[in-house]
Amino acid sequence: TLPRYLSRPAFRKISKETITAVAPELADTDFNYIRDGLQCLGPEMLQVLAGVQAEPISNVLPKELSVVVNDLSSDMPTHMLAVYSRQVSAAMKRRVTLFPIHNIILASHCVNLPSLPTSNVAPPESAGSYIPVPVVPLCIPASEVFPQLSTFLYTKRIDHLLASLLPCPAPQPLYRDDPISESVLSLLQQFANKLATTYAQALLAHAIAVNGLWRNACAF
């Protein structure tokens, strides 16, 4: 069963040691400055990831993988996450999906992130070249919605995140204005009624996706 309310997990501050471990040059840099800088660079870094090509893995997960990089416009990926879910029945084969990432993006947002192996990826001289990246197994509650969370960490686009989770666009005041104002609460009720009457048959799948993303966010 799905919970009626999704509680906000207790806030935990990203430690200086976490940032220093992946980017020693930022050891004495203000954390908010780092986040602001990544918000500007994130979309370009995400574009680089979109151009990464990796060969399917066999039954044995390698410690390192050579991937093709087709976009050199920003920083190279530092790791390849091998993402899988906890809940798999004994009769089903565990599905593992590869996602290239930048360690500084995850380190600056994910307090529960496991320690990542050292990565010193140098940009190749030309697009279409291979680079080696460490492979990191990552077990999360809902691997099927990991891309939505990962993309949000790079772009910080709430509108895009909501569009990936809901059957129709959410009104902008719902995520831009005061969430407890009377106008927003009234608009929220209207939007909820629209979802219930127009997309009743599809709502369960969307609710499962929202719940999965929330569980992933809590795990990180």
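**Asp28 and its partner.** I looked up Asp28 first. Asp28 counts as exposed, because its relative accessibility is 73%. Here exposed means over 50% relative accessible area, buried means under 20%, and partly exposed lies in between (1.4 Å probe, protein chains only). I then found that Asp28 forms a salt bridge with Lys16, with the closest N and O atoms 3.6 Å apart. The pair links distant parts of the chain, 12 residues apart: Lys16 sits in helix α1 (residues 16-22), and Asp28 sits in the loop between α1 and α2 (31-50). A salt bridge needs a side-chain nitrogen of Lys or Arg within 4 Å of a carboxyl oxygen of Asp or Glu.

**Ground rules.** I noted that this is a predicted model, in which local features need pLDDT of at least 70 and side-chain atom pairs count only at pLDDT 80 or more, while totals for chains, interfaces and linings use all residues. Residues are numbered from 1 along each chain as its sequence is written, and side-chain values use heavy atoms, with hydrogens and water left out.

**The other salt bridge.** How many salt bridges does the structure hold? I found two. One of them joins Asp159 to Arg157, and the closest N and O atoms are 2.6 Å apart. Asp159 is partly exposed because its relative accessibility is 23%. Arg157 is partly exposed too, with a relative accessible area of 37%.

**Asp71.** Next I checked a charge without such a partner. Asp71 lies in the loop between β2 (64-69) and β3 (79-85). Asp71 is buried yet has no salt bridge. Which side chain of opposite charge is nearest to Asp71? Arg157 is, at 17 Å. Lys and Arg count as positive, Asp and Glu as negative; His and the chain ends are not counted. The Asp71 side chain does make polar contacts: with the side chain of Gln47 at 2.9 Å, and with that of Ser73 at 2.6 Å. A polar contact is a pair of N or O atoms within 3.5 Å; within protein, one must be able to donate a hydrogen and the other to accept it, and residues adjacent in sequence count only if both atoms are side-chain atoms. Leaving out residues up to four places away in sequence, Asp71 touches Gln47, Val48 and Met76. Contact means heavy atoms within 4.5 Å.

**Helix α4.** I asked which residues of α4 are buried. They are Phe146, Gln148, Leu149, Ser150, Leu153, Tyr154 and Thr155. That makes seven of the 10 residues in α4 (residues 146-155), so the helix is largely enclosed by the rest of the structure. Lys156 follows α4 and has a positive phi, near 60 degrees.

**Pro132.** I found Pro132 in strand β5 (residues 129-140). Pro132 counts as partly exposed, because its relative accessibility is 42%. Pro132 and Val121 are 11 residues apart along the chain, and their C-alpha atoms are separated by 7.1 Å. Pro132 touches Glu64, Leu65, Ser66 and Val121, not counting residues up to four places away in sequence.

**Whole chain.** Last, I stepped back. I counted eight helices and five strands. Helices (H or I, at least four residues) and strands (E, at least two) are DSSP runs, numbered from the N terminus. Buried residues make up 35% of the 220 residues. The C-alpha trace spans about 55 × 50 × 35 Å along its principal axes. Among contacts between residues at least 6 apart in sequence, 70% join residues at least 24 apart.
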